[in-house]
Amino acid sequence: MKQVITKKNKIVTMEEALEHISDGCTLMYGGFGGVGTPPTLVQGILDKGIKELTLIGNDTGFPDIGIGRLVTAERAKKVIASHIGSNPNAGKLMTEGKLQVEFSPQGTLAERIRAGGVGLGGIFVDVGIGTIAEEGKDKIVIEGKEYLVETALTAEVSIVHAKKADSLGNLVYDKTACNFNPLVAMAGAFTIAEVEEIVPAGELDPECIATPGIYVDMVIPTKGVNWKWAWQ
Amino acid sequence: MAVDVRNRIAKRAAKEIHDGLIVNLGIGIPTLVADHIPQDMHVLFHAENGVLGTGPSPEPGKEDPALCNAGGFPITTVMGASYFDSATAFGMIRKGYIDITILGALEVSEKGDLANWIVPGKRVPGMGGAMELAQKAKKVIVLMNHVNKQGESKILKTCTLPLTARESVDLIITDMAVMEVTEEGLVLKEVMAPYTVDDVIRNTEASLKIHAAVSTIE
């Protein structure tokens, strides 16, 4: 049998990657409190002046950490997240009417993103029934039990942070910096991965690849975290 | 709240944890509970940002920014720990694998309704993972001040704030008392010295049933 191998090299510069992120775009990001959010891409978005973003991710980081830096710089018009409490700027902008915030329970948010990444229209979840989280949502009864219909989430562009990538875009994550990243990587129409280390195709153990390269369009090397963590 | 009071609440909460359980600790006083677990007890701590088997804080200088708890602080792991993505982290919660979740609250009702994610128009942090944890953990323990900054009871007949989950709380541990939510109502089981049963009743808006043998935690 003839072997077919995609030899497309996905490694690009940050400038090439940023051409795919524009004003008003829906941008999904990995990270949990900034851990696992790609720092170089966030800086690039800031420097390029990209604005009016709709951000979809777990939280809004801290004021100067992770995606929080874009929120603080008022580059977002809307956020879909589970938590904004660690970034007071998000709450302030929301109160002032400058930022629209849509909350989703964390596990539901993860599954909505996963659903978007695997071609599903949504999921059925009983979390949030009997609370204001059920407002405006359809309900469905399955075998006598009531569930909320939670719609899938997708994005025009997804940005993720991984430990290693090969030239085909296969990704390996690092401990708790994994979090939403593999889900976010799947849900973007165009996915950019920022990584600590780039290796030639074939060097990653296929058993360890968490995100198959098929989901990744571009890979850029990270310049490293350029913020101070809350614990430092 | 004073450090010794926080530790006293955490120490009491630690007594609820037994060998072999899987436990998720929230941010704040709940985080302190881990310090009060006997060294030889085998407990797996679950952190919803993607690790089962968290260990103590690392020594200064040995922090790994890629290894943090859900509060964003560096941790270590114990033997047998595992990492996973957020969908799996919450799959475990939703499927009911968490034996105990310990979290903070703004209000709790006598039926065990929990409110801890929003004060409309004032403070809107979001629910994070609290809805899944409160609704799905086998046992929900709330650690909090008995009264709010205005001196009003946080334990109410009915919550005034939007709920995190209905009829979910099993045990409430405050700076004044330990109360259990039962089918017969909220039962006062222990008081924290120097508070008395009368002090607790006076500071609790919810109806309290007084256990036949209320003990005092010195």
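## Around helix 5 of chain A

Just past the end of helix 5 of chain A, Gly119(A) adopts a positive phi of about 75°. Helices (H or I, at least four residues) and strands (E, at least two) are DSSP runs, numbered from the N terminus. All of this comes from a predicted model, where local features need pLDDT of at least 70, side-chain atom pairs count only at pLDDT 80 or more, and totals for chains, interfaces and linings use all residues. Residues are numbered from 1 along each chain as its sequence is written, while chains are lettered from A and ligands numbered from 1 in the order in which they are written.

How far apart are the end C-alpha atoms of helix 5 of chain A? They sit 17 Å apart, which agrees with the 16 Å that its twelve residues (106-117) should span at 1.5 Å a residue. That expected span is 1.5 Å times one less than the number of residues.

Twelve of the twelve residues of helix 5 of chain A are buried, so the rest of the structure largely encloses it. Here, buried means 20 or more other C-beta atoms within 10 Å of a residue's own, exposed means 12 or fewer, and partly exposed is in between, with C-beta atoms placed from the backbone.

What do these buried residues pack against? In chain A, the partners are strand 1 (26-29), strand 5 (122-125), strand 7 (145-151) and helix 6 (181-187).

## A look at Leu109(A)

Leu109(A) belongs to helix 5 of chain A, and it is buried, with 30 other C-beta atoms within 10 Å. Leaving out residues up to four places away in sequence, Leu109(A) touches Asn58(A), Ser82(A) and Ser104(A); contact means C-beta atoms, placed from the backbone, within 7 Å. Phe180(A) is 71 residues from Leu109(A) along the chain, yet their C-alpha atoms are separated by 9.5 Å.

## The sheet in chain B

Over in chain B, ten strands make an open sheet with mixed pairing, in the order 4-3-2-1-5-8-10-11-12-13. Strand 4 (76-83) and strand 13 (208-217) stand at the edges with a single partner strand each, so one side of each has no neighbour in the sheet. Two strands pair if DSSP finds at least two bridges between them.

Strand 5 (residues 100-103) of chain B pairs in the parallel sense with strand 1 (residues 22-25) over three bridges, and four bridges join it, also parallel, to strand 8 (residues 139-144). Ile100(B) stands opposite Val23(B) and has Lys139(B) as its bridge partner in strand 8 of chain B.

Conventions:
Contact = placed C-beta atoms within 7 Å.
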